[in-house]
Amino acid sequence: MSQLFHRNTNIYSRLSIVAILAFLGFLGWVVAMLYMSGYHTGQADFVEQPIQFSHAHHVGGMGIDCRYCHTSVEDSSFANIPPTKTCMNCHSQIWTNAPILEPVRASFRDGTPLRWTRVHDLPDFVYFNHGIHVRKGVGCATCHGRVDQMPLVYQNANLMMSWCLDCHRNPEKYVRPREEVFNMAYERPADQPNLGADLVKEYKIGTVDQLTSCSTCHR
Amino acid sequence: MDFAAIRSRLAGAEGRLYWRSLAELSDSLEFREYLHREFPEQASEWNDPKGRRSFLKLMSASLALAGVGACTRQPPEDIVPYVRQPEEIVPGRPLFFASAIPMSGIAKPVLVESHMGRPTKIEGNPEHPASAGAADAVTQAAVLGLYDPDRAQTVTYRGEVRPWSAFMGAMQSATSGQKGSKGAGLRILTEPVTSPSMAELLATILQDYPAARWHQFDAIGSDGARNGIKQAHGSAANAVYHFDKADVILSLEADFLSPSGIGSVRYTKDFADRRRVTDENKHMNRLYIVESSPTLTGAKAEHRLAIKSSEIEGFARRLASTITGQSSSAASTPAPGGQLGEKWVAAVAKDLQEHRGRSLVIAGDYQPAAVHALAHAMNQALGNIDATVTYGPAIEAQTVDQHASLAELSNAMEAGQVQLLLILGNNPAFTAPADLKFAERLAKVGLIVYHGLYHDETADLAHWNVPQTHPLEAWGDARAYDGTVTLMQPLTEPLYDAHSAYEVLTTLTTQPMRKTTEIVKDYWMRAFGAGVWTIRNAQGETFNNAEAFWRQAVHDGFISGTAALATPFAPAPKPGAAAGAPGTAAAATTTDTAQAPSDPSTPATGSAQPPAPTPTPSPAPQTAGGLELIFRPDPHVLDGRFANNGWLQEAPKPLTKLTWDTAAWISPRLAETRGLDRGDVIELRYRGLTARMPVFIVPGQPDESVTIFFGYGRRMSGRVGNPPEEARAFNAFLLRTSDAPWFGSGLEISKTGERYLLATTQDHHAMEGRYPARVATIAEYEKEPEIFKHMGGHVPPRTLTLLPEVDYKGYKWGMAIDLASCTGCGACVVACVAENNIPVVGKEQVDRNREMHWIRVDHYFTGDIDRPESLQAIHQPVPCQQCENAPCEVVCPVAATTHSSEGLNDMVYNRCVGTRYCSNNCPYKVRRFNFLLYSDWYTESYYSQRNPDVTVRSRGVMEKCTYCVQRINTARIDAKKEDRAIRDGEIVTACEATCPADAIVFGNLNDPDSRVSKLKAQHRNYGVLEDLNTRPRTTYLASLRNPNLELEPAGERTTGH
């Protein structure tokens, strides 16, 4: 019986082996890309909220400090979403009849809380603490981006572990003087490597070993 | 059970043999097999060809699906801020509130952790004298009870939901019918009441209805203590013991180190403080105990004499006559226990007399009044009054003999005299003695109102059911074991349509709309305003005004300095007169009025009145043949009130390590003669009553006694506590009679031939022949301080390792556990469960070695099983040892367990893929695997209980003790924010916080002045299995004993390995 396949076909079978491997590799690459993409991480997705609250207007336009609403950002792990009362401090005086603010007034009237949708949602096995980051010179904008320019807040960073570790491994690349933490427009100076190294020392920021120990964030 | 093998092994042992269970001691083939197949269920799959094929199929399918399953997107989450945020709430930071959990009417002071209005954890109140920061297992588990979805949720009338207003209306019409007869048909049944405001409310009602009666019943209360002190004192009083001042203690079956006793948290602390031996201070107390059924107190005692419960009075009488020197008839009667008993009487009397004013005799709650009176007389003779024992005014508003009180009510019901019966808690239809036929007689009552936490057996027979508020939901007050007035504040609004006992009782008054807050606050404002008590703050200063006093008292959770004060406005309610009382022996001392001082401005202080010299002997025990039957409350579910609490059901009970069930305790010899083995179901026949029980063989149990425990066999406790059909008859209350509440003779047992699975953790996680607990006598330790170092295997030099040497800069966490202090109560287990969101797995899973507790308390026994007095026990709590050279870390293929920079052995749940290599490689067996989805992800009410600082683990994930890393991180962040180092004692692990004996100490090993460093510098310090070069961070301080040489000659070798 003659051979079923001609000798020439050997090259095809060899090529197909390579092609299959390449295809598998490609598939893996696609999955990895999808995994890191905004589709999966939610990065840069605008999130609909019950009220079209504009940080661009309140922070950028009016110049209200972050801590006026996010009161516990320096004390606690959680930065606090302001109670309806905080909105009404001003809006009982200005824009008292604006239709856009009706949900706020309704909440204050009936005592039913507003339900905001979380934008920066870490998995439940990650324990992030705002207080210590603010204290050690990590600016709001470093993670949250230029909130003062966001009409509707979106997730600025991809919030993947590699992104966290980038700073935990090299804090000197990102830290800024404490007084600049709440400054949205702060730009890293040209000598950030030197300034950062000094600040890491001055603020007694933990060693890389400590910052990258699993239990620092996972428990 | 092969007893011959056990005996030959004991006889052939060189030195001392330590064992955890009789099965281990017998060293049978089955046991070895069990030991070597740690996960027996999976192992057999592999040898079955069909099973293997489907196993592989399932595994490959699940591997494929696991990848797909991981592709879920995180669901969107809402953030719901307050409308008006309370000032004190900082989201993400817990608040702590002082309150109390009452048990049998007596307050157990607590500090409750609350996250955004959700109570999550109960700890002891550090400032309260009854707690000193510790809390027992039962108290801590109350937080789970709060969220129990099986709680009664609505007011019902004959099973139909009704509004609260309908109940108030019904009460108005029912009471108006009682007005004419002055309330002759009105009865109120409560637990013992120590609450001053509640007592006043009851007194008001009894003034309005002078013919009404107030009965009290608590199935596990101590009538013996109540009546004994009356015999000795002539009036009701409250004895408080000071173990911190006692060098020689004799316990007459008193289980003062019990895991759920009323004062035992403080007693444990005081007792342990007196034996905190260091290299510098080698002073140690000595504990003798005469008891029947083994207890944790007995396990801790230097010397234990095991005699029948009924013989203890004889022993006490003999000893009392020796001590007081009075020649009575008792002096000539032989001591129980034969020759050994005689030797005991002489040795103990001598030792007590040599420590006059520094000794202590304490009688057990379950002993009759005569034994209590004898104990008081002995303390008097030994000069211990006002030294190691103090007497204060009675803390119960009305001290009555509870069984007589219930019997009187039951008779009145039988006679049809009861038209309106209010039952406040207690579930008497289940807990009443069988001879009172309480449940049956309830049918003759016109209208029954039941106020309970659950729709239980009594609720089923009641007409009106009003759900009771949980102690964390309502205002209240109660007195602690020492009399300190303790306040309770609500941590949350009632989760359901629940009402406090105050609200139920006010419906009988002319002001039915009063709120609980008003009643309690008003009482104390009046008490302050009337100047009845000079109330001072903790610094001894008086308060400026009532409001300042009230705020301080609520903040502290108690009113300091009130222990020795009698209740102001003490009511003189009608005694539940003994007219129709049954002809029991106890009826003579049935009901005295409360000891209200005539002039309340001069409260009765604890000055001692001379005890009556010759206490009346209790009636001669019925000399029926057969065995002695002993009743005890279950250490965790007590009389069944906590039957629906999964934490308590799964926490291994002391000594047997039994979970989820109860058992009749029998001695090895009785088991041998009757051919019984663990798990054999026996039928118990006693005074014409019958019940069934599975047996558990307990070395140390007297041969002629069988001990059974209350709390099981409940029909209507809820989905956690309801037993399977065959376990319904395992109910000790079926055998209890009101004239012999705690023991009686005439028991017959017979084997039924049935078997019942008892899930005990005693043999789980065994370290197989390598005895990790070390012990020596104080004399040996004084002679040779290094003695403990030689007991373990050879410790290799530090250089003998392939792992790199790490120099831990900064913090270096470590723990020391003092085995001499540990009493084995298991409070740490429940504390850990509450703090770390540890799931309940259920009986079947426990039986497969799958309990999830991160800390376990191992019991080691030693001695001759045929000579109970020779038995000794050591308790060893075992959390993760946080090895520096951790065997688990090197085998993890995905680096899910790694070392932190501070030396913690971290466990990363999100990385774990569940190979279980780490647990297989752990010599201490402290790793726990989620074989199934153990955490309850579906019962909504439990969401609020979870600690938000700890991940709730899912299926397929390994977990273990983390040294409470969430607490470390919180402390570290706080310290860093303030630019300072973490202070010693700032981080307290959950187990350390709650340990009543302060046996667990955590801290920084790099700080030579930290408490833990100082402990580790002691000669007693050793690491378990250090010969494996694991370098554990958790080390132990070896246990010590202080035996009396007259009872234990020095030649008898006592040291362990």
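Analyst: We begin with chain A and then turn to a sheet in chain B. This is a predicted model, in which local features need pLDDT of at least 70 and side-chain atom pairs count only at pLDDT 80 or more, while totals for chains, interfaces and linings use all residues. Residues are numbered from 1 along each chain as its sequence is written, with chains lettered from A and ligands numbered from 1 in the order in which they are written.

User: How many helices and strands are there in chain A?

Analyst: Helices (H or I, at least four residues) and strands (E, at least two) are DSSP runs, numbered from the N terminus. Chain A has twelve helices and one strand. Its radius of gyration, taken over C-alpha atoms, is 25 Å, and because this is well over the 17 Å that the globule rule (2.2 Å times the number of residues to the power 0.38) gives for 219 residues, chain A is more spread out than a compact globule. The C-alpha trace of chain A spans about 95 × 50 × 35 Å along its principal axes.

User: In what order do the strands of the open sheet in chain B lie?

Analyst: Two strands pair if DSSP finds at least two bridges between them. In chain B, four strands in parallel pairing form an open sheet, ordered β13-β12-β11-β14. Since β13 (303-306) and β14 (359-363) of chain B are at the edges with a single partner strand each, one side of each is left without a neighbour in the sheet.

User: Which residue of β13(B) is the bridge partner of Val290(B)?

Analyst: That partner is Leu305(B), and β12 (residues 286-291) of chain B is joined to β13(B) by four bridges.
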